[in-house]
Every structure is written in structure tokens, then in C-alpha cells.
Amino acid sequence: MVKAVVGDETQLKLAEDRLSQSAIPAQVGLVVGKLNSSIDRGFVFDLLPTPPNDAGEPACSLSEAPKDDKKKKGPKTKSLHDSSSSLLIDQDWVVEHARQVSRMLVGGIKVIGIYIWTTESSFKNSTIILCQTVKGVAEAASILETDRDEGLLIHICYSPMKWTCRNFTLASNITSSSLRPCDFKLGRVLTSIQTFKCMYNFDIRLPIYHESASTAKTLTDILRYGISIHAKELRGAKAMINGCLVVGDEPCLSDGLHEVELLLPFMKDASVEACSQKEVVGILVFSGSVCSFACLNPKEPISQALADIKGDIIMSLQSRLDIICDEADGDVNPTDDSCKEANDEISTGKPVSQLVLHLLRVLKRTFGVFRIRQGQHDNRSPPDLKQHCLSFPRRVFVPWLAGTYICDYLQPFETIEVLKDHCVELMSMEAPTDPSTFLEPETEAPTLTTKSFLDVAIPFNSAFSSEYHSQKRETGTREESNQKPTKSADFTMIIAVLLVFLSVFVGWVLFAVRAS
């Protein structure tokens, strides 16, 4: 349970000035920062106002006065209306804002709650809906199951001007007493942050079973399962920071960018076992590289940075899958014709938004490999191996606050203009104008050029397989060459025999001289 919260003085003062000059009676938005229950502290980096919904209406407003009160005039009636007003919050819209913003945040930076700009009386009259909104935002922003157990509610009262912070336990029942006050103060937060960077290469190979032998009916089901399994393996990975193996759990005292390298333990490969099973009809190859950033407060241990890096890698993979699912959502039960059409769409490189995720059934009928990688479409495949290729969205980083970064995911057919629009609409920041400040460090996965299903299922078998095929092709040549005399080999053998005899003779002569 977080007992004290420190907000970045610079950013929160800017937010207060913006709200004071807006002259709006109420506003709701997201609190971005990080919570660390191990040190009982929370850190607030910035406040992001929720944009108007599709109809142009604000996400938060005050309830209108009753009709009887509208007929009356005077300051007394106005004060009575202020004391009886409550907040109207579009919870679904705020939750969707939190879900999309969470995709744009890197490791160690999360949506940790909401803020509300309103009077003290309307705040007290809206406790239940505020708690519901905090819980919904926390659930939308938490991709990992054990990622969150509490959320913050910051109230900015403008009559009189006052900041208060309350903590809400997500597991508790929603009542008027669910909010617990916690200490809140302003200080230097962003300027003291330490940054960690990791380039993580992955190559996940998942067996695709026959429809009668598996409950996974779609490509999405298989990918989600594979990512969840990989997340468990990633939690046990050791790490090296700036070339040194991390052993203890001490704070990181050095400044600058810290390079992190993850060392995964040797695990039993499920795809190797799948080769001997008759129910397997294909292999899903999911490979590429993920660039991850994590931000650490000096008071946090170095293990927190490693946990944030690992969580950011898994969150990045899941976010890309969610983007594809959002684009392709709509077709639930495709027919054979729709499967054929989906298969054609892959080969022609059409946008992912037109791809039906149930096209996995096509693969189950045409034994082969479905390959997912980062980068542009590449449909080159060996003649005896049926392949389908789908590109995941690429991750692009944009400078944010005090040297930190946010990110966005662009599909192959999207441009940087999409990223700029997301920064303005979701992150409430000015559109980035200098493309040279963008970072695209993720590399494209290599093209799959294997010759057989076994080579795909067992990567290390490729070298043996290629050597075997090479030997097989050269069998006729070797048999023909063995029938011809090999003068060079005979000459070498003669020289070796002569050297042996010469050595024995010299040794016998030396022994005779010493004996005499």
C-alpha cells in the first residue's frame, strides 16, 4: 500500500495553470507515473486530460440543476445547487483513453489512476462513480495479471485551490469509505530518473495442432498462449547491466543510459516435442526484436528496473497483438471462401486490418508454417514448404519529458503522421516536428529460408539438414571420383612413411653414438 506520493513540481504546476485558465467546472484525466509498494511510495510524472468523445462531448461534467431551482434566482440558490451537484463521467471513454495511453508508455511508467478537477462538494457527492472509474482504469491499464492492486485518485479543488491524493484498493468493495488519504507533495521527480535500455531478440516457435486436438481455434489464441509462456520464462532470466552481471539488489548510483542484456535459462522447447506428435499440422514462427526502455527512481532498487524491462517486453508484444485484433475484429465464423480470400490477402500484402484472424484454418488444411515477424511483407518461400507471413506493427519512440520516451506502434501501411496525431490527442502534447529525434531501433527479423518442416520446428537442425542434403547431392560425384586414382593422396602417404623411417633411423644413430 502506497502511503506517500510525490508529484513532479514542474509538470503539475503547468497542469494547475492550464486548468485555472480553462474556466471549466469539471475535468477528468489520467495520472501517469509509477507506484512501488515495496518502498510505500508513488511518483506522479504528469496529468493527461481525457479528450472529448466521438460526439464532441467532454468526458466529465456537472449534473444540471433541477428545473425548480432554475426558476429561482439569487446567490443562495446558486450555493445550494453547488452543494447538491455531482459529477457525470463517461467511464467507458476514460477507460479506453487509459488503455490506449498504456500502449504508449515504456517500462516503469504507467497509468496509475485518475485526477478530477472540481469543487469539494461535487467531489464528495460523486465518490462511488469516481471509485468505479479508478478501478476501470486500473484494469484497462494492467496487462499483466499481478501488475496492479491499487490506484490513485487526485482531487484538484479550485474553490479554494487545494491538492489532495487518495488511494483506492482494487480488491476492496466500492463504498464511500473505499478511498484512503495519503501524503502528497511536490518535488523533483523527472530530473532524477535513471534510464535503462534493452534490445531483446526473440524466436518463439509454437506447434499448431489439428482442430480436433486443440482448443485454440484462432491465430490470436495461439499467440496469446505463446506470449504467456514466454513471459514466465522471461521472469527467470538473469541480467547484465553495462556488461556486469547483476547479483545483488542495490540502488543504481551511476548516471547516464544503462544498457541491459537479458540471459534466458535453457528451457525445454515445446516445438521439438511437437515434431513427434501426429496432431501437429504446422509451426507458428514468431520472431523479431523488441527495444525496451525503463525508468527508475533513485530510491528504487535495481531489481525494479529489471522487472520493468521484462514487463515492458511482454506488454509490447501483447500490445501489438491487440492492435492487430482491433483492426481485424468483425469476422467470427469465416467460411471456406473467406479463408481463401484471407489467404490471398497475405500473399498480396494487403493491410492487416483486412486480415481475418481465423485464416489459421487455411494453414491447417495446407500443412506448413505461419510466420509472424516485424518489418515489411516477404512472401519468398522454399518450393516444398507452405508459408504465410504477417508483419507485426513496429515500435517507434518519441521524446517526452526530461529525456524520457513514449512510443507508438505503426503498421506497415501507416506513416509518422499517425504517431503525431496520437501524441496530440492521447498524450496532450505538441506534435513532434523533428523526425530526427524519433527512434526506430528494432531490426527486421531474418527471412525464413528453411527447406523442411523439421528445420522450422528445430532451428539447430537446419545446419545438420543442409549438410545432409549437401552430402546427398554430392553422393554421385563422390562415387565417381573414388574410382579414379588420386595421385595427390598417394604422394602424401609416401612422404609420411618416409618421414617415419627417417625419424627411426636418426634415433637409432644417436643411440649408437652415445653407447659407444
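**Figure 1. Aromatic pairing in the predicted model.** Six aromatic pairs are present in the structure, which is a predicted model. In one of them, the ring centres of Phe 286 and Phe 392 lie 5.1 Å apart with their planes at 65°, so the pair is classed as edge-to-face, for which the angle must be over 60 degrees. Phe 286 belongs to strand 14 (residues 280-296) and Phe 392 to strand 16 (residues 386-392); the pair therefore ties together parts that are 106 residues apart in sequence. Phe 286 and Phe 392 are both buried. Together with Phe 202, Phe 286 and Phe 392 form one aromatic cluster.

**Figure 2. Strand 1 and its pairing partners.** Strand 1 (residues 4-8) is largely enclosed by the rest of the structure, because four of its five residues are buried. Strand 1 pairs with strand 9 (residues 179-187) in the parallel sense over five bridges. Within this pairing, Gly 7 has Leu 186 of strand 9 as its bridge partner. Strand 1 also runs parallel to strand 3 (residues 41-49), to which four bridges join it. Here, Ala 4 stands opposite Arg 41 of strand 3.

**Figure 3. A nonpolar patch on the surface.** The patch consists of Phe 491, Ile 495, Leu 499, Leu 502, Phe 505, Val 506, Trp 508, Val 509, Leu 510 and Val 513, which together have about 1000 Å² of accessible area. One of these residues, Leu 502, is found in helix 16 (residues 487-515). Leu 502 counts as partly exposed because its relative accessibility is 48%, whereas exposed residues are those over 50%.

Key. Residues are numbered from 1 along each chain as its sequence is written. This is a predicted model: local features need pLDDT of at least 70, side-chain atom pairs count only at pLDDT 80 or more; totals for chains, interfaces and linings use all residues. Side-chain values use heavy atoms; hydrogens and water are left out. Rings of Phe, Tyr and Trp (its six-membered ring) pair if their centres lie within 6.5 Å; planes under 30 degrees apart count as stacked, over 60 as edge-to-face and the rest as tilted. Helices (H or I, at least four residues) and strands (E, at least two) are DSSP runs, numbered from the N terminus. Buried means under 20% relative accessible area, exposed over 50%, partly exposed in between (1.4 Å probe, protein chains only). Patches are made of residues with over 30% relative accessible area and no salt bridge: like charges are joined within 9 Å, nonpolar side chains (Val, Leu, Ile, Met, Phe, Trp, Tyr) within 5 Å. Accessible areas come from the Shrake-Rupley method with a 1.4 Å probe; for residues, only the protein chains shown count as cover. A salt bridge is a side-chain nitrogen of Lys or Arg within 4 Å of a carboxyl oxygen of Asp or Glu. Two strands pair if DSSP finds at least two bridges between them.
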